[in-house]
Amino acid sequence: FENELTANSSSIKKPVLKKIWTAIRNSFRRNETGEVLVDNDLLLWSYLQGGLIETAGCFGCFLATMAVYFLPIGELYQSAAIYFTTNSPLWRFTDGSLVAGPEQMQILARAQGAYYISIVICQWFVLFITKHRYSYPWGLDMFYNRSTFIGVLCGAVIASLAVYCPGIQTFFGAYFVPILGLLPAVGAGIFMIMYETVRRYLRRQGYFGGIPKKNVNLLELVRTASTIE
């Protein structure tokens, strides 16, 4: 009897969950084309592929900035309970110097600023990579849209002001970030391009689901719109 109840309850839950998931997907679906704003490919890229590469690049910039100032990376685990405050004890760095609490806080602020700028740098790469969905992530057509470069420039200016401008950096709690601390973000961006090149090559060869067939509804919509006077 208990087994029957368990089987019945599981059979009830599955359709409910399926209906909920369908309702969520349909909320992003365009009726005239049948396409969705958020699909499985987008979720996989954002959270399991490009998102992880970008996260690794950001944490790499954070640690690289601390390493530039000789902070012992191996002692970072649970170090916030002792260091990075005004009254923190002296901390012996890898170059042999003893660093007081205020200087520790400044180095932490530099590392946090590096993390922020690394997000902006990685998003520059993502911006150009995602201009193509199934073809390779390069080509002259990626540079035709002038608004793309205006957006990149605005992002660079805002990030630079938040980290390097004296008055604004104090408001955000950031400090000057060394160039060496930003190299992991550039490396992550280059790796994303290489990864996407291989992934799209495999998709074009039929792996991982291949390339979806053309959307007939979308083509019909374009034909209909082009015949309207």
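This is a predicted model: local features need pLDDT of at least 70, side-chain atom pairs count only at pLDDT 80 or more; totals for chains, interfaces and linings use all residues.
Select helix H4 together with helix H3 (101-129) and helix H5 (166-172): the buried residues of H4 pack against both of these helices.

**Stop 1: helix H4**

Next, display the side chains of Thr 148, Val 152, Ala 159, Ala 162 and Val 163, which are buried residues of H4. Turn the view to look down the helix axis: the buried residues fall within an arc of 100 degrees, and therefore they line one face of H4.

Finally, move to the start of H4 and select Asn 145 and Ser 147. A side-chain oxygen of Asn 145 comes to within 3.0 Å of the backbone nitrogen of Ser 147.

**Stop 2**

How many salt bridges does a search of the whole structure find? There are 2. To view them, select Glu 196, Arg 199 and Arg 200, which salt bridges link into a network.

Begin with Arg 199 and Glu 196, whose side chains meet in a salt bridge at 2.7 Å, N to O. Both belong to helix H6 (residues 183-204); because they are 3 residues apart, about one helical turn separates them.

Then select Arg 200 with Glu 196. In this salt bridge the closest N and O atoms are 2.8 Å apart. Arg 200 and Glu 196 also lie in H6, here 4 residues apart, again about one turn of the helix.

Arg 200 is buried at 3%, and Arg 199 counts as buried at 17%.

**Stop 3: the aromatic pairs**

The count of aromatic pairs comes to 6. Select Phe 59 and Tyr 115 as one of them: the ring centres are 5.4 Å apart and the planes stand at 75 degrees, so the pair is edge-to-face. Phe 59 lies in helix H2 (residues 40-68) and Tyr 115 in helix H3, so this pair ties together parts that are 56 residues apart in sequence. Phe 59 counts as partly exposed at 46% relative accessibility, and Tyr 115 is partly exposed as well, with a relative accessible area of 26%.

Proceed to Phe 128 and Phe 149, an aromatic pair that is tilted, with 5.8 Å from centre to centre and 50 degrees between the planes. This selection leads back to H4: Phe 128 lies in helix H3 and Phe 149 in helix H4, so the pair ties together parts 21 residues apart in sequence. Phe 128 counts as buried at 18% relative accessibility, whereas Phe 149 is partly exposed, with a relative accessible area of 33%.

Terms used. Residues are numbered from 1 along each chain as its sequence is written. Side-chain values use heavy atoms; hydrogens and water are left out. Buried means under 20% relative accessible area, exposed over 50%, partly exposed in between (1.4 Å probe, protein chains only). Helices (H or I, at least four residues) and strands (E, at least two) are DSSP runs, numbered from the N terminus. The arc is that of the directions from the helix axis to the C-beta atoms. Contact means heavy atoms within 4.5 Å. A polar contact is a pair of N or O atoms within 3.5 Å; within protein, one must be able to donate a hydrogen and the other to accept it, and residues adjacent in sequence count only if both atoms are side-chain atoms. A salt bridge is a side-chain nitrogen of Lys or Arg within 4 Å of a carboxyl oxygen of Asp or Glu. Rings of Phe, Tyr and Trp (its six-membered ring) pair if their centres lie within 6.5 Å; planes under 30 degrees apart count as stacked, over 60 as edge-to-face and the rest as tilted.
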